[in-house]
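This report goes through a two-chain model part by part. Please keep the sequence and the structure in view while reading.

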Amino acid sequence: MNNRFAQLRNIHGIKLILSLVFIFIAGVFFLLGYVQTLQVKIVQTAALESAKLYSDALREFRTIYTSEVVERIRSHPDISVSHDYSQLKYAIPLPATLSMKLGEHIGSHLKGAETYLYSPFPFPWRTEEGGLKDDFQNDAWQFLRANPEAYYFKFVTYKGRKVLRYATSDIMRPGCVNCHNDHSQTPKSNWKVGDVRGVLEIIHPLEKVNEQNEEGKRGLIILTVILILTVLLCLIILVYKFQRNTRDLENIVRDRTAQVKETEKKLNTAKKMAAIGEISSGIAHEINQPLAAMKITSTSLRKSIEAAKTTRAYEQLSRIEGQVERIDTIIRQLNTHNADIGSQAHEVVEIQEVVNAAVNQSKPAIEQNECELEVNMPNESILIMADVLELQRVVINLITNSLHALELNKNKKICLNVIAHDNSVCIDIEDNGSGIPAEIQDKIFDPFYTTKEVGKGTGLGLSLCYGIIKKHEGTIKVDASYKLGARISITLPIHSKR
Amino acid sequence: MKKILIIDDDVDLNISLTEFLEDEGFQVFSAHNGKQGLKLVDSEQPDLVITDIVMPDMDGTEVVINLGGRDTEHPPKVIAMSGGGRISGKDYLSFVKNFKVDCVFEKPFEVEELLSSIKSLLA
């Protein structure tokens, strides 16, 4: 499981994807919430309209009953208008009584819409159901007394159900005033037309609508969940596809890189082989000479021994030994190119001293060649760990090389610059000859590599120099940026400055 | 006594070969480069020239070409030898065989073989 999460984190752009998913889900929920709010508003508006209609109908009924029935018949001696009409022989209900009865009937038929008529002045037989009993009734009475033409409503939970309580004012009409004022048990007898007699309240149930709402909500949520899941599924598929693509690409790149590296390796090996080939042919030539001489002398030696010419024999023998020495030297010089780093007979010397000594030794050759020599060295004493003689040999060798390169020059100039840095010092030897071609710049330090006519220098000089500088923990290389001729740059670690 | 000229820049080889051939009864001259060698050809008129290839100041190939171009009654026999250099001895010798060369030897060679070649050439 942890592995999966780790994988998840590694998906490219996972943060962006997760953010988008989050925004999408948030958007969906926001939409849901908005729809829900809208629905509630619709429900409430519908309930309000319905309650208004119902309330108006009831009031109108009362008014009509009062004017068309009660007014017309109440002057008859036998007929009485009473709340208790069912008990009397020829009685008709009071308007309020009848409208309440109507409300009851409708309520029981329609399941839930209740009607109430109340005021702070109930007739005595109605004190229980007619007085102001709860906060809503009180609030409604206060509000409607001040705003008789308006309506007062609240969406509340009443007796455990969600309902709309809708209240309007019950206003004294001309037909009502006389009766109310004249009635023997009237609580108030100075009613005027236009007074607010009481409150007509409709309690409109919201159950059915809520049920629908809930159903609708449920459906909406299911749809939304399906939608989100579908989107997530598509996303996951896309991401995996993308991952796979990326992985495939990575694999291709890795393979190609490996191929390139392989080719590089082969190229390097080929280069090395070529270098070795050159070195081998150089070695071969160098060693073939003494070998050839040795072979001839051995044959002569054999003859001398057979002829008992002892003196000659000894002389030929030492010549053979000389050839052996010669071969030995060549091999040793070859090894010197790959010298181990380590101080051997190194001492602390001033680099300026070493350079000066080398310059002095080279002076005869320089003057003979009519070459100009410029030497620049820092004033402060730079000390290095070095084998003085070997280092001198290097500098002399490089000066000699420059002189050879300048053979065909009319104006010959060699410049020796010693430059001190923080931890190292540079010796640059530059000439105004034809320079060292780029192709061979990294080969010239190989043993036996030479561009000179064979016989003039064995090509060991620069490789020896390389070995010596390496022993001094320094570097020697061609400065390719110098275009006015050849510049060889030696860098050595500084021991100290004075 | 037949005259042999040895041209080789390798001093030790020169000495050894001269000693050996003198022991065999030849008169031997030696030079260290092509220029010197051709001068001695003019002055001593050897019967045989044994020349190395890779030398400074005119190499063996040039010597061979030069000798081949001469219009003389008795041109000397020519033997070329090589220990290689930039390329192998074999390669140098196979090139020089395009010119007037009687025999080639790769260094190091068996000197007895050289001797028998010399004897048959000067017979």
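## Nonpolar cores

A nonpolar core is a set of buried Ala, Val, Leu, Ile, Met, Phe, Trp, Tyr and Cys residues joined through C-beta atoms within 7 Å. Buried residues have 20 or more other C-beta atoms within 10 Å of their own, with C-beta atoms placed from the backbone.

The largest such core has 40 residues, and B:I4, B:V49, B:A80 and B:V96 touch the most other members. Helix α7 (residues 207-306) of chain A gives the most to this core, with five residues. A second, separate core of 36 residues includes A:V394, A:I468, A:I490 and A:L492. In soluble globular proteins, nonpolar side chains tend to be buried together.

## Basis of the model

The model is predicted: local features need pLDDT of at least 70 and side-chain atom pairs count only at pLDDT 80 or more, while totals for chains, interfaces and linings use all residues. Residues are numbered from 1 along each chain as its sequence is written, and chains are lettered from A and ligands numbered from 1 in the order in which they are written.

## Chain B

Chain B has five helices and five strands, arranged along the sequence as β-α-β-α-β-α-β-α-β-α. Helices (H or I, at least four residues) and strands (E, at least two) are DSSP runs, numbered from the N terminus. Of the 123 residues of chain B, 46% are buried.

Two residues are in contact if their C-beta atoms, placed from the backbone, lie within 7 Å. Among the contacts in chain B with a separation of 6 or more, 63% are between residues 24 or more positions apart. Apart from its neighbours within four places in sequence, B:V49 is in contact with B:L5, B:I7, B:V41, B:L67, B:P76 and B:V78.

## Interface between the chains

At the interface, 24 residues of chain B are in contact with 21 residues of chain A. On the chain B side, α1 (11-23) and α5 (111-121) are the elements that give two or more residues. The most come from α1(B), with seven residues.

## A helix pair in chain A

Helices α10 (residues 388-405) and α11 (residues 461-471) of chain A have axes that come within 10 Å and cross at roughly 145°. Axes are lines fitted to C-alpha atoms, for helices over the stretch in contact, and angles run from 0 to 180 degrees between N-to-C directions. The residues in contact are A:E390, A:R393, A:V394, A:N397, A:L398 and A:N401 of α10(A) and A:G461, A:C465, A:I468 and A:I469 of α11(A).

## Strands in chain A

An open sheet of five strands has the order β8-β10-β11-β13-β12 (chain A), with mixed pairing. Two strands pair if DSSP finds at least two bridges between them. Because β8 (372-376) and β12 (475-478) of chain A are at the edges with a single partner strand each, one side of each has no neighbour in the sheet. The twist averages 10° from one strand to the next. Five bridges join β8(A) to β10 (residues 413-420) of chain A in parallel, and A:E372 stands opposite A:K413 in β10(A).

Four bridges join β9(A) to strand β7 (residues 347-350) of chain A, running antiparallel, with A:V349 opposite A:I384. Strand β14 (residues 496-497) of chain A also pairs with β9(A) in the antiparallel sense, over two bridges.

Terms used
A residue is buried if 20 or more other C-beta atoms lie within 10 Å of its own, exposed if 12 or fewer, and partly exposed in between; C-beta atoms are placed from the backbone.
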